[in-house]
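Hello,

Here is the structure I promised to hand over. Please open it first, then read my notes below.

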Amino acid sequence: MTAQTDLLKELRIDRSAPPPAPSRRGLWIGLAIAAAVVLLALAGWALFGRDDGPVVQTASVVAIGGGSGGSASVLDATGYVVARRMATVSAKVTGKVREVLIEEGQHVEAGEVMATLDPVDAAAQRDLAAAQLAAARSQIGGAQARLDEAEANAARLGPLVKQQLVSQAQYDQAVAERDALRAQLLTAKRQAQVAQDQLEVADNGVDNTVVRAPFAGVVIAKAAQPGEMISPLSAGGGFTRTGIGTIVDMDSLEVEVDVGESYIGRVKPGMPIEATLNAYPDWQIPGEVIAIIPTADRGKATVKVRIALNEKDERIVPEMGVRVSFLEKAAPADAPKSKPGVLVPAAAIVDRDGKQVAFVLGEADADESEVEQHVVTVGRSLGDDREVTAGLDGGDEVVLDPPQDLVDGARVRIAEAGTGDDE
């Protein structure tokens, strides 16, 4: 009983004890719910309560001039040094090489002997032609002697036939013999002329066994050795050479570059250039455009341009790689200085209220940027680009194909690479 009495006492409320402190858990829960509602409201406003800026493509403005007063580069291209006069020299006849008198790197003059062929056959033909000429000339001497006798005989019979001391038949026979000998002499002379011509042909045949340089230049390849067969035509498979060597006229070196169709409008004949050889990057070689070849490469969408180099140097050799900068013509020394222009894609320039303007990206905020409207002064058309002489600076980012409702101070979103406005 005592244990039960003690348990009942423990269940009795002590009304004299102070009340417990109130709990703040509910207050904190309420504040958290209110904060969550505010954040959701702000997110909803950010997503649905404001207009998104249009998605646009951009491009960089490229400066085409500097303040040094020199010529400005409007286009760069790459190409190779080529020779306008280059020839693989061969003999005119087929024969065996007797000696080769050239080596790579050797300078040769026009007409200098580069090699000789075995002249045995050609020399035999020349000796035969010379003998035939001698025989023809001896026939001329015999015919001339007989003709002199016949003419004297006819001259003696002429007066005698008038005096009827000889018959008319004898006189006519003498005249006929004289005329026949005249014809024989003419034939002998013509045969001698033919023999003379044959001798000249035979001499040319001997001369054809000597290979000479067609023009002055430098040997860049030696293709034959003594004892090999050589032919102007490809014959005998790989055992017959078609040339003695290759020479290049170093004074005819020029540069050929391929310029994209989109930029060929920037290039004009006579335009100054600066060429930089890949082998000598610190050496700028002045030159000018010779011509624009009037045809395009369909596969590469390029047009070939020929360029003359104003400096001649032994360091410039064929097939060297070269980078070419096409320059604007330098202004006269007394011409007023003008601010260098910039190149801007033509799609970035639009008309607003009768003025040519471009929209430049300004202050950026998160994934959006604010645009500034710049009034520009437009110059030449250079392919797909326009020259702007005022209103833009090199390095500016401009909006391509700006929407019609785009205004100064509007915000735009920059399209990611490989995406379009419809994404």
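How much space lies in the second largest pocket? About 240 Å³. A pocket here is an open set of points on a 1 Å grid over the protein atoms alone, where a 1.4 Å probe fits, with protein on both sides within 12 Å along at least five of seven lines; lining residues have an atom within 4 Å of a point. The volume is the space filled by probe spheres set on the points, which are joined across faces, edges and corners.

This is a predicted model: local features need pLDDT of at least 70, side-chain atom pairs count only at pLDDT 80 or more, and totals for chains, interfaces and linings use all residues. Residues are numbered from 1 along each chain as its sequence is written, and side-chain values use heavy atoms, without hydrogens and water.

Back to the pocket. Its lining includes His 107, Met 250, Asp 251 and Lys 312. By class, the lining has 5 nonpolar, 1 polar and 5 charged residues. Ala, Val, Leu, Ile, Met, Phe, Trp, Tyr, Cys and Pro count as nonpolar, Asp, Glu, Lys and Arg as charged, and the others, Gly among them, as polar.

Next, the helices. H3 (residues 120–162) packs against H4 (residues 168–207) at about 165°, with the axes 7 Å apart. Axes are lines fitted to C-alpha atoms over the stretch in contact, and angles run from 0 to 180 degrees between N-to-C directions. Helices are DSSP runs (H or I, at least four residues), numbered from the N terminus. H3 and H4 are therefore roughly antiparallel (over 145 degrees). Their contact residues divide into 24 nonpolar, 13 polar and 9 charged.

Best wishes

Key. Helix = DSSP H or I, 4+ residues; strand = E, 2+ residues; numbered from the N terminus. Parallel < 35°, antiparallel > 145°, perpendicular 65-115°, else oblique.
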